[in-house]
Amino acid sequence: MIIYQVFLSLNRIYTDGADALFSALQERGASGLKTLILRHNKIGSGSRSKLKRLCYNLSRCFKAKSGIQKLDLGYNQCGSIFGECLGTALTATDCSLVSLNLHYNDLSDVGCIKLLHGVQSNKSLKWLDLSKNGCSDNTAKLLAQTLEISDCLLEYVDISFCRIGPEGAIE
């Protein structure tokens, strides 16, 4: 039996549960799993070292063509470490991720920028939600540059309810 979609929203899996889930998906092979929804699970409640390990295991789940294509981590307060780790994972040539929701995750401008650097070289991501994070003018400027890259596939970007001012809006 192949499971294509897993919805675990509004649970209490926290950092350790999410890490165990991502490790199991990697070890048992997430072949066939295309959608993983983990909204409102307090995944960002763990220590920095636990979040780094979790992010590493997660990034391995959307490598290769059979990997996860849609990931929703909205409302988890994962912090900028997720922006950093996922930005690095997005640079992999075999990344399968098409849709990424990081809505309301306490990403700082630095985390958003590191994520966008990964998006710049990504060949699969089409949908990105960074709303209700700490994105500022710097993020908006880099996003504008990213969208100008000829092979950028982004079709949908949400950076609403952030800290973007007039300078970022001009871009």
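These legends walk through several close-up views of a predicted model.

In this predicted model, local features need pLDDT of at least 70 and side-chain atom pairs count only at pLDDT 80 or more, while totals for chains, interfaces and linings use all residues. Residues are numbered from 1 along each chain as its sequence is written, and side-chain values use heavy atoms, with hydrogens and water left out.

**View 1. Tyr-75 and Tyr-104 form a tilted aromatic pair.**
A search of the whole structure finds two aromatic pairs, and this view shows the one made by Tyr-75 and Tyr-104. Rings of Phe, Tyr and Trp (its six-membered ring) pair if their centres lie within 6.5 Å; planes under 30 degrees apart count as stacked, over 60 as edge-to-face and the rest as tilted. Here the centres are 5.4 Å apart, with 50 degrees between the planes. Tyr-75 lies in the loop between β3 (70–72) and α3 (80–90), and Tyr-104 in the loop between β4 (99–101) and α4 (109–121), so the pair ties together parts that are 29 residues apart in sequence. Helices (H or I, at least four residues) and strands (E, at least two) are DSSP runs, numbered from the N terminus. Tyr-75 is partly exposed at a relative accessible area of 24%, and Tyr-104 is partly exposed at 35%. For these labels, buried means under 20% relative accessible area, exposed over 50%, and partly exposed in between (1.4 Å probe, protein chains only).

**View 2. Trp-127 and Tyr-156 form a stacked pair.**
The ring centres of Trp-127 and Tyr-156 are 4.7 Å apart and the planes are at 10 degrees, so the pair is stacked. Trp-127 lies in strand β5 (residues 127–129) and Tyr-156 in strand β6 (residues 156–158), so this pair ties together parts that are 29 residues apart in sequence. Trp-127 is partly exposed at 29% relative accessibility, and Tyr-156 is partly exposed at 33%.

**View 3. Lys-132 lies over the face of Phe-161.**
Lys-132 is at 5.6 Å from the ring centre of Phe-161. The criterion for a charge over a ring is that NZ of Lys or CZ of Arg is within 6 Å of the ring centre and within 35 degrees of the ring normal. Phe-161 and Ile-149 are twelve residues apart in sequence and 25 Å apart in space, C-alpha to C-alpha. Ile-149 is in the loop between α5 (137–148) and β6, and is partly exposed at 27% relative accessibility.

**View 4. Helices α1 and α2 pack at an angle of about 30 degrees.**
The axes of α1 (residues 14–28) and α2 (residues 48–60) are 8 Å apart. Axes are lines fitted to C-alpha atoms, for helices over the stretch in contact, and angles run from 0 to 180 degrees between N-to-C directions. The two helices α1 and α2 are therefore roughly parallel to each other (angles under 35 degrees count as roughly parallel, over 145 as roughly antiparallel, 65 to 115 as roughly perpendicular and the rest as oblique). Residues of α1 that meet α2 include Ala-18, Phe-22 and Gln-26, and those of α2 include Leu-51, Leu-54 and Leu-58; contact means heavy atoms within 4.5 Å.

**View 5. Helix α3 is mostly covered.**
Eight of the eleven residues of α3 are buried. Among them are Ile-81, Phe-82, Leu-86 and Leu-90. The cover over the buried residues of α3 includes α2, β4 and α4.

**View 6. Helices α4 and α5 pack at an angle of about 5 degrees.**
The axes of α4 and α5 are 9 Å apart. That makes α4 roughly parallel to α5. In α4, the residues that meet α5 include Ile-113, Leu-116 and Val-119, and in α5 their counterparts include Leu-142, Leu-143 and Thr-146. Asp-151, in the loop between α5 and β6, is partly exposed at 34%. Asp-151 and Ser-121 are 30 residues apart in sequence and 8.5 Å apart in space, C-alpha to C-alpha.

**View 7. Leu-10 and Tyr-75 have positive phi values.**
Most residues other than glycine have a negative phi. Phi of Leu-10 is near 55 degrees, and phi of Tyr-75 is near 60 degrees. Leu-10 is found in the loop between β1 (5–7) and α1, and is exposed at 66% relative accessibility. Tyr-75 belongs to the loop between β3 and α3.
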